[in-house]
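The sequence and the model are shown first.

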Amino acid sequence: MSSKLAKIEKRTAYLLILPSVLLVFSIILFPIFSNIWISFKNVELKDLRIPEPRAKKLVKSIKDNPTQIKIIYKLRNSSLTQEITNVKFKDKYPDNIEPISLNNKCQFKSNLLKCELGNWPKKYRENLEIVFQNTNNQEISKKELKSYKPKLSGKSQNILLTYEFTLNNFKKVIKDKAFIDLLSTTFYYTFFGTIGAIIFGILAAQMVNQKFFGRTFMRSVLLFPYVAPVVALAYTWELLLDPTSGTLNNLLINYQIIDGPINLLGQKYVTLNILGFDFKLRLALTTVIIFEIWRYFPLAFLFILARLQAVPKELYEAADVDGANPIQKFLNITLPQILAVISILFMIRFIWNFNKFEDIFLLTGGASGTRTLPINVYQQGFSIGDIGMGSAVSIVIVVFLLIFMFIYFKLLGKRADEN
Amino acid sequence: MKIKNIFTYCFISSLFLFSLICIWKILVTLQGIEITNFNFNKLFIFGIILCAINLLIGKKLNLNIKIILLALLFSIFDYFISTNLPIWYSFGIFLISLFFFNNIKDYDKNFLSKNHSSQKLFFNFLTLFGITLFSFVILFPFYMMLVTSFKTQALLLLNPLDFSINFAQGLPELFKSYFIVFKDYNFGRYMLTSTIVSLGTVIITLIFAIPAAYAVARLNFFGKNFLSTSILIIYLFPAIVLVIPLYTIFSQLGLRNSIEGLLIVYTATTLPVAIYMLQGYFKSIPKELEEAGIIDGQNWLGIIFKIILPLSLPAISSVALYVFMIAWNEFLFSLMFLDRPNTFTLSRAIQFLNVGAETPRQYLMAGSVVVTLPILIIFVYFEKYLVSGLTAGSVKG
């Protein structure tokens, strides 16, 4: 009896999870694996269009003979690169209409015109002309004829499904001189974005954890950058930072803090002179990182605040009795309590910043030294149009991601053991 | 009383006051009023003097009279060193200094002679300072977005720092950018698409996720542990590695430029987090309730609908709001999959506006307000649910 119940339970469970598993498999897992397939192929964006046989139907009346009509089909192969084999043609006609003569490719049977048009090479064009007559010697209505659309079918080779593979994409990725630069930009962006967001998150959480007027409102406000759509925020920032008409530059010039406008998003390097040493700061990248911190510190704030509120008050009271000062309290009580949250946060944010695409894409489009790996996927795949290369870069991202996840779950497992 | 403490107190206080004044001056400048100098030296030194006076008076005077007196002194001083400024500017200065002196009114000689008083002082100011600065930095872009949408290109070229809203021109003229964005740029249609896509994603995700989450939380089956860990792993895979294969597959299936295609992708990408969040909650529902249901002769479906669902409404609403937010804000897939304007979502439409040649910035900002406002209203209104959703699911972003 119990084994039967267990069986029913099992079957129900599979039934309940099946739809989700199927969907996630086909839209997330399958594409990740097909990345591997595509990355070993030489595919370009223009190859993705499946070649189609196309026909345009023109209806022309014949002079002085309203019972007859001429129909011209303008046939063509839509693809400029591939041939279509075994093209079949089908069109429907109203009753009482018949072709006067037909070539041997076509047949007319019970109002249906069927043709076998053979193989079409690339860029192929042909006109098919047929004259029809009304069997009852009545006038033919052009409108009715036009209302039917011809249907064509044909086979073509799908470049994605062939078994031709190449290693060129990966060779190009690794041999590319910019690859090291690409990696260092990505890590620079990821690391400083993550650290900055966490530091500001701790500061904000410390503040909001105290009682003051308007505290709940403050908590909502702090989350605004995180919940608002990235498109709106990125374009607002772009307008604020614009070198000629941007508010920030105009304000700084107005207060005579700077002499001329600074192109914060369009300038790759700026030389800073600190204590006699010249530092080369990557300006556009720094600006993008600041945007990143501005947008994502609320998340760190939320996590850390939740943890801070769970810290027992007695600890602080005991510290007060011992005469500890605020810095000691922070270092010896608060920090150890939130360290676990911070490490998890760091890993998660690191993974997500590593894959961040929208923010940089919208702010700079990857120009002036802000090209990271995800931006490169887009540029290779869609700007240059080399789908295979784009996929190869995606694979590089996935490999890094797997390494990070391994570390993350190792850490998580260790944490679970400790508790 | 240590000299060091007095010095830190005066220095930090005056610096804080000065930064408050700076923020106020920036806001006033953006109303088109000409202020070209922060007057750092004079204001800072005068601030130090006033703070010292505050310390000297201590509690000898009624505290309310003391702060009003000090604030008045400060505003009058500011009025004399700056010229040709409207009276509301000085009134603002007065209110700010009132707020400031109200905060330092309790400090006197006794406080400063206590242990760690300079550190405490520092932290108190850091909090105040932080709250003001953080709110300013966060709200400033939103504020600029809003006020830019009320200006015109010509006015902005004339004075790029004048963002004052002229109410005298009448409402139709004021909201002109919004009318144009909706009329000429078809934003009504995009808004409808965005709403349909987001709501559709929420509904389909819930239909898929609730049974799956229930199975993972409650039922025993082979591969359960594997499934629950893979949910988290799958969730960590970013959209950018899916984009190329999905693009190729969708273009061959003819699913690009269709709402259906977008719905499928959004649902699949939000499903793992929805299942992850829901199963956690389902596990917290006492098992006895379900057992009672089984005794009453309910089948699995009955248990889900009659017992689990009513009990987990808060969790379901936070999942729904979170998924809605993700779908509404989503940009990458809509950029990839939509290139015909009649299928655009709001985010994609705004990007199209920006790329399109020479769209005046007030239209761009009006569009941005249109896409931002609904989500902020929803967020503020359902803050409790959304925050719990964010904390549970915010591994993504």
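What distance separates the centres of domain 1 of chain A and domain 2 of chain A, taken over C-alpha atoms? The separation is 63 Å. This is a predicted model, in which local features need pLDDT of at least 70 and side-chain atom pairs count only at pLDDT 80 or more, while totals for chains, interfaces and linings use all residues. Residues are numbered from 1 along each chain as its sequence is written, and chains are lettered from A and ligands numbered from 1 in the order in which they are written.

In chain A, domain 1 covers 51–157 and domain 2 covers 176–385; such bounds come from an automatic or database domain assignment. For chain B, the assignment gives 3–148 as domain 1 and 180–393 as domain 2. The centres of these two domains of chain B, taken over C-alpha atoms, are separated by 46 Å.

The two chains touch through 76 residues of chain A and 85 residues of chain B, where contact requires C-beta atoms, placed from the backbone, to lie within 7 Å. On the side of chain A, helix α1 (residues 2–39) gives the most, with 18 residues. That side divides into 54 nonpolar, 19 polar and 3 charged residues. Here Ala, Val, Leu, Ile, Met, Phe, Trp, Tyr, Cys and Pro count as nonpolar, Asp, Glu, Lys and Arg as charged, and the others, Gly among them, as polar.

Chain A also holds an open, antiparallel sheet of 4 strands in the order β1-β2-β7-β4. Helices (H or I, at least four residues) and strands (E, at least two) are DSSP runs, numbered from the N terminus, and two strands pair if DSSP finds at least two bridges between them. Because β1 (53–61) and β4 (97–99) of chain A each have a single partner strand, they stand at the edges, with one side left without a neighbour in the sheet. The partner β7(A) (residues 125–134) pairs with β4(A) in the antiparallel sense over 3 bridges, and Ile97(A) stands opposite Asn134(A) in β7(A).

In chain B, the axes of helix α10 (residues 187–218) and helix α16 (residues 313–329) come within 9 Å and cross at roughly 140°. Axes are lines fitted to C-alpha atoms, for helices over the stretch in contact, and angles run from 0 to 180 degrees between N-to-C directions. The two helices α10(B) and α16(B) are therefore oblique to each other: angles under 35 degrees count as roughly parallel, over 145 as roughly antiparallel, 65 to 115 as roughly perpendicular and the rest as oblique. Residues making this contact include Val197(B) and Thr201(B) of α10(B) and Ala320(B) and Phe324(B) of α16(B). By class, the contact of α10(B) with α16(B) has 9 nonpolar, 4 polar and no charged residues.
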